[in-house]
Amino acid sequence: MSVRQPSVFRPTKPDVAVFVSGVTSMGLEILAGRIIAPQFGSSVYTWGSIITVFLAALSLGYWQGGKRAATASIRRMTWILLGTAGYVAIVVYGSDQLLLSASMLPLPTRYASVPAVLILFGPPTYLLGFISPYSAELSQKDGTGEASGHVYALGTIGSIVGAGATTYVLIPALGIEMIGLLFGFVLVGTAFALTLPTLPPRPAVASIAIAFLLVVGAGIGPVTFDHRGDVVYQTQTAYQELEVIDDGDVRTLYLDGARHSAMDLENPDRHVFEYTRYFHIPMLMVDDPREVENVLFIGGGGYTGPKDFERTYDVNVDVVELDPAVTRTAKEYFRLEESDNLTAHTEDGRVFLQNTDTKYDLIVLDAYQKDQVPVHLTQLEFMELAESHLTEDGVFLANVIAAPSGTGSEFYRAQYKTIDEAFGSTYSFRTSSWDSVQNIEVAATKDETSFSEADLATRNERRDLGIDLSVEVDGYMDDPATGDVPILTEDHAPVDTLQASTIGQEYVIEQTDGGRESEPASSIATGSRPATLARPAPTLEETDSSRVDSIATVASASG
């Protein structure tokens, strides 16, 4: 009786090529999200564009490769890999300029990222699509079914490796340019290996030339002027691109290209952004500010809001920040010092509330930004969870970014409706009298209350909070119309759809020096009116640090 020995898998050159094509195609797809996000955000529309373009390009490559498979050869596969590496060099060198040019195209906001993804990643993905049918044609397997199954398996395993390595290893450890450089070298190295042992001169010279282009592209990049100021620190975290930029005396934290916190280096206690003063409004709604003991911030950013509360009031402050790199940056560049009264927790905000028994007098949700919102922190179930962790006199405040009315207000009105469903009473305050997208502070009390603007003004006059909130109280708004927007729930929370109309609008951020910052927009909102909520330069007793804090990723994120 003969015993069948298990066969040993020895990868052929086509096997190596199809595996590497899987690694690089999926790695580039994950990397695309990081490259596109600073310009177009990381909404479902952006990721939908990325996935659609990659699948379409691969499909077209498979189709064309299948039609030409009769001419397949190792030499052709070598040139395909080199051509892909050459285009990756272009992406590494010119992605910023290509993104800027693509953003100028007059397209609806939800489709705005499609041209950029198509230009940057369509050609290399299309070329990689040729590898699988070529590999199947050159396979040594018996029969079409076995050959195609073998290729599918190797390509899929490569994709798993590419996705996992890029997500869990490369992005946390390296910058975008270095990751692109690595993928380019993997392609060049594979192409070079396919030529061995004969080493034809033309592929060898091309391999060296493309490797040189990759190094040059990653090393020098296009010559550009950063209008934001001097880049003090920049890194890719597991969740986003993080930058610290100094513009004169103002230091700003940027996450995925959007401002999240700012600090005056000469006067760190000053509010840089006007809306951060509104975080104190709940102190007008509690019965006695002196009885407030525990405060929770969901969202850390530059930690200037939490630092201010610790400094201004005799309270314990817990801060939940999902990204540990953000907390490290706040400690190094924004003067964060943890203490007995200020504790930073690296965790998702919703998970933190699910696992804590602490009751808070105030919960501040500051984890949103204009086009990146963690959906699970907008839903009714989360609002009910937050409400259950408030004391009987407790107040909840959410920093919502949207227009106060009309076009661009859908998300604000849906969020207001959702919060109002979970809490006793709900109030909202605009931070700018311009009609553009802005920070709208939505405050809600656990018990039913009936604060009028006059009531809050009176409390502001009588209470010694160390900060005059008269201008903030003037931002008091009537209840918005909510009949045409849904309550956001785990079953139905169309946040991206509700936010779609805000993406094309200017985002106005009032500053405490009477100035005004605005995020660039491809289509500036019309009908805006001059601000009347502007205040004079603040006195020392009225100032604190500023903060715009939010993280959103396609997966869960908070603060």
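This is a predicted model: local features need pLDDT of at least 70, side-chain atom pairs count only at pLDDT 80 or more; totals for chains, interfaces and linings use all residues.
View 1. Residues are numbered from 1 along each chain as its sequence is written, and side-chain values use heavy atoms, leaving out hydrogens and water. S8 (residues 360-365) and S9 (residues 390-402) run parallel and share five bridges. Strands and helices here are DSSP runs numbered from the N terminus: E for strands, at least two residues, and H or I for helices, at least four. Two strands pair if DSSP finds at least two bridges between them. S8 also pairs with strand S5 (residues 294-298), again in parallel, through four bridges. In that pairing, Ile298 meets Leu365 of S8 as its bridge partner. How many of the six residues of S8 are buried? Six of the six are, so the strand is largely enclosed by the rest of the structure. (Buried means under 20% relative accessible area, exposed over 50%, and partly exposed in between, with a 1.4 Å probe and protein chains only.)

**View 2. Four strands make an open sheet in the order S1-S2-S3-S4.** The pairing is antiparallel. At the edges sit S1 (230-236) and S4 (258-264), each pairing on one side only. On average, neighbouring strands of this sheet are turned by 15° against each other, direction ignored. Zoom in on S1 and S2 (residues 241-247), and you'll find six bridges in the antiparallel sense. One to look for: Tyr233 has Val244 in S2 as its bridge partner. In a regular strand, side chains alternate between the two faces of the sheet.

**View 3. Helices H2 and H4 pack with their axes 8 Å apart.** Two packed helices are described by the angle between their axes and the distance between the axes. For H2 (residues 44-67) and H4 (residues 114-129), the angle is about 30°. Axes are lines fitted to C-alpha atoms, for helices over the stretch in contact, and angles run from 0 to 180 degrees between N-to-C directions. H2 and H4 are therefore roughly parallel to each other. The contact includes Phe54 and Tyr62 of H2, and Phe121 and Tyr126 of H4. Contact means heavy atoms within 4.5 Å. The contact residues divide into 12 nonpolar, six polar and no charged. (Nonpolar covers Ala, Val, Leu, Ile, Met, Phe, Trp, Tyr, Cys and Pro; charged covers Asp, Glu, Lys and Arg; the others, Gly among them, are polar.)

**View 4. Helices H1 and H5 pack at an angle of about 160°.** The axes of H1 (residues 13-40) and H5 (residues 131-138) are 9 Å apart. The two are therefore roughly antiparallel to each other, and their crossing is left-handed. Pro14, Asp15, Ala17, Val18 and Ser21 in H1 meet Ile131, Ser132, Ser135 and Leu138 in H5. By class, that's five nonpolar, three polar and one charged.

**View 5. Leu182 sits in helix H7 (residues 176-195).** At 34% relative accessibility, Leu182 counts as partly exposed. Leu214 is 32 residues away from Leu182 in sequence, and 9.1 Å away in space, C-alpha to C-alpha.

Conventions:
Angles under 35 degrees count as roughly parallel, over 145 as roughly antiparallel, 65 to 115 as roughly perpendicular and the rest as oblique. A crossing is left-handed if the near helix is turned anticlockwise from the far one by less than a right angle, and right-handed if clockwise.
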